[in-house]
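Here is a short note for a colleague opening this entry for the first time. Please look at the whole chain before turning to single residues.

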Amino acid sequence: MFSSDKNVDNIAKLIVELKHYVDLKTESVQISFVSKFSRLLSAIVISAILFMLFSLAILFISMMVASALSKLVGSLAIAYGIVVLFYLLLGILFFVKRHTWIEAPITNFLVHLFLEDKMNETANPQNKQAL
């Protein structure tokens with residue numbers, strides 16, 4: 001009779017510990033998600049600010065180059081046309097290389113950001129056994 005009471009008490013304690021473990025694991029996942037999401041959001045904000053600043057710089061540099069070219073070609077309209085043609089060629093180049101220059105780095109960043117822990121677990125299976 002005592003052994004069955006001990007078994008029931010042990011199972012009850014096990015259930016309480018299991019519930020506590022699940023709560024802690026859920027909280028850990030939430031904290032990890034918030035941390036990674038905040039890193040992603042800060043990268044987006046920094047990228048947007050840098051994009052705006054570089055856009056303004058490129059705008060003024062383009063106007064300066066067009067002004068300098070107008071003295072060489074004799075017409076401000078032709079100089080602006082040359083600058084526009086340069087940007088069109090640059091845009092076509094970026095479109096052709098978009099997978100290599102844009103999609104792959106963004107994918108790698110997101111993979112390292114969100115799957116970093118899983119990659120470490122598969123690389124070091126001994127750490128998982130120690131837990």
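1. Basis. This is a predicted model, where local features need pLDDT of at least 70, side-chain atom pairs count only at pLDDT 80 or more, and totals for chains, interfaces and linings use all residues. Residues are numbered from 1 along each chain as its sequence is written, and side-chain values use heavy atoms, with hydrogens and water left out.

2. Overall form. The protein chain has five helices and zero strands (DSSP runs: H or I of at least four residues for helices, E of at least two for strands, numbered from the N terminus). Its C-alpha trace spans about 105 × 25 × 20 Å along the principal axes. Buried residues (under 20% relative accessible area, with exposed over 50% and partly exposed in between; 1.4 Å probe, protein chains only) make up 6% of the 131 residues.

3. Helix α2. Residues 76–96 form this helix of 21 residues. At 1.5 Å a residue (times one less than the number of residues), α2 should span 30 Å, and its end C-alpha atoms are 30 Å apart, which agrees.

4. Lys-6. This residue lies in helix α1, residues 2–73. Lys-6 is exposed, at 58% relative accessible area. Lys-6 and Ala-57 are 51 residues apart in sequence and 76 Å apart in space, C-alpha to C-alpha.

5. Lys-36. Helix α1 also holds Lys-36. Lys-36 counts as buried, at 8% relative accessibility. Leaving out residues up to four places away in sequence, Lys-36 touches Leu-113, Phe-114 and Asp-117 (contact: heavy atoms within 4.5 Å). Its side chain reaches the backbone oxygen of Leu-113 at 3.5 Å.

Note on methods
Polar contact = N/O pair within 3.5 Å; in protein donor to acceptor, adjacent residues only side chain to side chain.
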